[in-house]
Amino acid sequence: MISLKIKLPDGREEHGTYPEGICAEDILKSLKIKPEHRILACRINNTYKRLRHRIMDDSTVVMCDLRDNYANMSYQQSLSLLYVKAVHDILGKNTEAVIANSLSKGLFTTIRTASVSEEQVKKIEDRMHELVKMDLPISEQKLERDEAIAYLKKNGPKVDLNLVMSAYDLSNLYLCSLDGETDFEKDHLLPSTGYLDLFELRKYRNGVLLRFPYFVAPDTVPAYAEQKLLYEAFSEENKWDRLLGISYASDLNRAVKSGESRDTILLSEALHEKKIADIAGMIMKSGKRIILIAGPSSSGKTSFAKRLCIQLRVIGLHPLYLGTDDYFINRADVKPGPDGKVDLEALSAVDTGLFAEQMNQLLSGKKADLPEYDFLKGQKIFGNRITSIEASQPIVIEGIHGLNPKMTEGIPEEEKFRIYISPLTQLNIDAHHRIPTTDARMLRRMVRDYRTRGNSAASTIDTWPQVRSGEEKNIFPYNEEADVFFNSQCTYELAVLKKYAEPLLKDISIEMPEYPEAQRMLKFLQFFIPILDDSLIPNNSIIREFIGGSVLVD
């Protein structure tokens, strides 16, 4: 017998003795305390394992539901394998299904046939439900890199072979199989198709949306909401990547290895500059003067805003640059929420009345005593920026609440031009594995916060769930309010971030609670060859905001 400490996601614990060789899946059946949500993964002694992993020694077993990053990705990848299997069952084994990017609380996929009808999508969805009811096992076999290369040379596909051969840091992969459908995975998948009953298929534009529960509500598929602006942004990024000749991680690795990263960097930056110039032209044509910029953490809002100001000046406008952080309510006056905690990212922490009053003063040609927020004292300081503007001057305003209508309530609607910014990564690992935007943003923040504040990678990982929770409330609901979207992703950035982030992640030891997430990110970074010499990155690049050397951001 072995002694086990079982921890549920809500913090409840149960201790007991179990037969040697028991797995987490069987432990769940015998627990006296029941989890709130379905368990999809587990950590055994702080290392992620399959739910059917046999436990042979005294251990601590932490159960993980969809709110855990690893469990969430396990569900997505297991569901993607099920989807590809159903596509092949309905449309034929040679039909290529591509998991492209996140969209509308799900994954946007393309099926490369002449066209896919609503009827065919319904048949694929029905077939997925059939496979779920059959509760078919999903098996996995761990292969070392050399074994994976040998397998792929015989069985393909070529894009996967190129990936494994180009990623020389890659240690191993899992060969997963579902009723004859195989794919390589970096993480453990779920034990069987029976776990995958929550999903929805929806034909959308030239593809299919594969939708599933979201981490904030793990037991239901969220209501559908179209994200037209994000779809168009991903489509534009796809065109950019084709211009660069880079669609998959293996393409980027090839460019780095062959010495072509210089052209990749310069072309990627030129595309950014062109897009910013186009947005400046749109603003001038619109005649609007309140330019609102919002986006999630680590989007590069400050660099973008300052580059936009430069482009506005190029076409004869003279923008005033402001940040909404200067309009925080004095810290002593911020009221705590129902939980007793002060949420400084909530709109209630911003003096929206003063903001609207002063923007209207400026728009009407009057002087305004603009505040500067002293974060050490926790209060607004007045008297240093008494400002007025000319009738043609726009005001460029950057802040997380910029697209929230309540932030600019009282300001004439015809004066507002809204910009949403986020790094939407169209570059994929391979045809069936996307790069989550949230992972790319976390790496950016990790590198920047270590460089500018001395914060450890563990600190970034620890606070990231709170950051995402704030984004869900304050930013994402308003992204479709934007007039234009700017994708701040640099195609080459993961190859650059790797050399900065990898040593920080490796400093996180197995005893630390952030270790499992650090290992997940390290495994992800193994797919990329690092760009060691980043001197070719321009000093006004958005990525410089994170790695240092920016002329725009201190």
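**Exercise 1.** Work out why the radius of gyration of the protein chain, in this predicted model, agrees or disagrees with that of a compact globule.

*Solution.* Begin with the length of the protein chain, which is 554 residues. For that number of residues, a compact globule would have a radius of gyration near 24 Å. The protein chain has 25 Å, and therefore its value agrees with that of the globule. As a further step, consider the box filled by the C-alpha atoms, which is roughly 75 × 55 × 50 Å when taken along the principal axes.

**Exercise 2.** Describe what the protein chain is built from, and what share of its residues is buried.

*Solution.* Finally, of the contacts with a separation of 6 or more, 73% are between residues 24 or more positions apart.

**Exercise 3.** Locate the largest nonpolar core and find which residues have the most contacts inside it.

*Solution.* In soluble globular proteins, nonpolar side chains tend to be buried together. Here the largest nonpolar core has 74 residues, and those with the most contacts inside it are Phe304, Leu308, Ile419 and Leu505. Helix H13, which spans residues 493-506, gives this core its largest share, namely 7 residues. Turning to Ile419, and leaving aside its neighbours within four places in sequence, its contacts include Phe304, Leu308, Leu403 and Val484. Another core, of 57 residues, lies apart from the largest one, and among its residues are Tyr18, Ile44, Ile55 and Val87.

Technical notes. Residues numbered from 1 in each chain as written. Predicted model: local features only at pLDDT ≥ 70, side-chain atom pairs only at ≥ 80, totals over all residues. Heavy atoms only, no water. Helix = DSSP H or I, 4+ residues; strand = E, 2+ residues; numbered from the N terminus. Rg over C-alpha atoms; globule rule 2.2 N^0.38 Å. Buried < 20%, exposed > 50% of the residue type's maximum accessible area, 1.4 Å probe, protein only. Contact = heavy atoms within 4.5 Å. Core = buried A, V, L, I, M, F, W, Y, C linked by side-chain atoms within 4.5 Å.
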